[in-house]
Amino acid sequence: MTLVSGWGRFPVVDSDVLRPRSFEAVGEAVAAGSVARGNGRAYGDAAIGAVRTIGMTGFDRIRWFDPATGRIRLEAGVLLADLIDTFGPRGFLPFVVPGTRFVSVGGAIAADVHGKNHHCEGGFGRHVESILLRTGQGETIEISREQNSDAFFATVGGMGLTGVILEATMRLRPVETGWIRERVISASDLDAAMRALDAGDAATYSVAWIDCAARGQNLGRSLIYLGEHAATGELADGADAFPPGKKPGLSVPIDLPSMTLNRTSIRAFNELYYRMGARRAGTSHVVSLYPYFFPLDAIADWNRIYGRRGFLQHQCVIPQDGARAVLGEILDRVARRGDASFLAVLKKLGQGDGLLSFPLPGYTLALDFPVKGDILNFLDEIDRLVVAAGGRLYLAKDARQSRATFEAGYPALSRFNAIRKALDPDGVIRSKLSQRLFDEV
């Protein structure tokens, strides 16, 4: 047995980690009872098997690529970083990327990851054409919107519980450069931030960093970043059309003491970050795709900042109607508590595609908290606000929500369970997340 955790490093559990080298061996592992794991960037317990875990990063081959259409067939263990570094210089990028490029294609499909463009271009699964799936019943089937469509829409966002994703065919976006034309907007409070995001609906990319330590009239003050893919003519003379990908230049070599992140340090960091960003407000400039999409990838093992006990990310989505009041209440409680994240993010989302896809039309707020004190009770209180507003939590980030909270937020759960049962009648595909939220007790 091996100690395994998600990116949040909570919980840490025992699981046999299998690393098959062929699809046939994957089938044998599935039959023995297990769940797939990509690069381990799900924050909680979604990619940890109830008993065994199948490591899929060894399946990292590109089957074919059509430069005329941007269509690509690839194995599930390919990382988005590999796609960006390989095909970016050829003029193609993934349509959707999350906040890290170190996530596998299989994991991106299973979580139906979303990016800064969900409000206009949907999630990762919207750009996937078909999937080769190994089911718990022992079959290897091709699924798409037209073929085995129930299985397809249950697999997109299904957290690996319908089977092991082996391969996928998807579309890449044609681009002229690897640069983003960014415009920064400073918002003095939450109302101004939400107005700016609404006004930026026509932008391809939009995201807000929120100072979650601010209170009173400054509650929810933010920096909004709007972005578009830059054309060749917008680059400075002599600039490469595609900036080289860099490995993380810094690292966190040890677990920092829990006292490192406290009310004073977070408030000071947020004040500095806001003032520096506000100086650029109203300006438009061209930045590399790497800091725009993946700011934390510049720091290796940044999850160690929160200490050896790990951290929890609480990411909720609130329907647009009434979102202002609920988000304001959450931010006020977080600010009064005083130990929230230095990286709080607010974005707009559209409708998700999979049965258990997280997005719905509204606003998503993501906050990180170190695991200490009464944080679990505090987050239960926040959950009740989310549920009362008709919202839900993101399964790929979750490590502790209750079954009642989960069931209240996902109305398509019964249909998903029926499809999962048909694909895996003996229930051999089980994760720690499924034990906590899905499986019969």
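Analyst: Helix 9 and helix 10 cross in a right-handed sense. A crossing is called right-handed if the near helix is turned clockwise from the far one by less than a right angle, and left-handed if anticlockwise. This is a predicted model, in which local features need pLDDT of at least 70 and side-chain atom pairs count only at pLDDT 80 or more, while totals for chains, interfaces and linings use all residues. Residues are numbered from 1 along each chain as its sequence is written, and side-chain values use heavy atoms, with hydrogens and water left out. Helices (H or I, at least four residues) and strands (E, at least two) are DSSP runs, numbered from the N terminus.

Two packed helices are described by the angle between their axes and the distance between the axes. For helix 9 and helix 10 (residues 375-388), the axes come within 10 Å and cross at roughly 165 degrees. Helix 9 is therefore roughly antiparallel to helix 10. The axes are lines fitted to C-alpha atoms, for helices over the stretch in contact, and the angles run from 0 to 180 degrees between N-to-C directions. Angles over 145 degrees count as roughly antiparallel, under 35 as roughly parallel, 65 to 115 as roughly perpendicular, and the rest as oblique.

On the helix 9 side, the contact uses Val 326, Glu 329, Ile 330, Arg 333, Val 334 and Arg 337; on the helix 10 side, Ile 375, Phe 378, Glu 381, Ile 382, Leu 385 and Val 386. Contact here means heavy atoms within 4.5 Å. By class, the contact of helix 9 with helix 10 has eight nonpolar, no polar and four charged residues. Ala, Val, Leu, Ile, Met, Phe, Trp, Tyr, Cys and Pro count as nonpolar, Asp, Glu, Lys and Arg as charged, and the others, Gly among them, as polar.

Helix 9 (residues 323-337) also packs with helix 6 (residues 190-199): the two axes come within 11 Å and cross at roughly 130 degrees. That angle is why helix 6 is oblique to helix 9. The crossing of helix 6 and helix 9 is right-handed. Helix 6 contributes Leu 190, Asp 191 and Met 194 to the contact, and helix 9 contributes Ala 323, Arg 324, Leu 327, Gly 328 and Leu 331. The residues of this contact between helix 6 and helix 9 divide into five nonpolar, one polar and two charged.

Next, some individual residues. Arg 420 lies in helix 12 (residues 413-423) and is buried at 9% relative accessibility. Buried means under 20% relative accessible area, exposed over 50%, and partly exposed in between, with a 1.4 Å probe and protein chains only. Beyond residues up to four places away in sequence, Arg 420 touches Leu 161, Ile 429, Arg 430, Ser 434, Phe 438 and Asp 439.

Val 35 belongs to strand 3 (residues 35-37) and is buried, with 1% relative accessibility. Val 35 and Ser 431 are 396 residues apart in sequence, yet their C-alpha atoms are 5.9 Å apart in space. Ser 431 is among the residues Val 35 touches, as are Ile 429 and Arg 430, when residues up to four places away in sequence are not counted.

Ser 206, in strand 12 (residues 205-210), is buried at 2%. Leaving aside neighbours within four places in sequence, its contacts include Lys 116, His 119, Tyr 292 and Lys 347.

Glu 271 is in helix 7 (residues 263-278) and is partly exposed at 27%.

As for cysteines, the whole structure has zero disulfides, a disulfide being a pair of cysteine sulfur atoms within 2.5 Å. Cys 212 is in none, and the nearest cysteine sulfur, that of Cys 316, is 13 Å away. Cys 212 is buried at 4% relative accessibility, whereas Cys 120 is partly exposed at 37%.

Last, the backbone. Most residues other than glycine have a negative phi, and most peptide bonds are trans. The bond from Phe 10 to Pro 11 is cis, with omega near 0 degrees. Pro 11 sits in the loop between strand 1 (2-4) and strand 2 (13-18), and Arg 9 lies in the loop between strand 1 and strand 2. Arg 9 has a positive phi, near 60 degrees. Asn 148 also has a positive phi, near 50 degrees; it is in the loop between strand 9 (140-144) and helix 5 (149-155) and is partly exposed at 39%.
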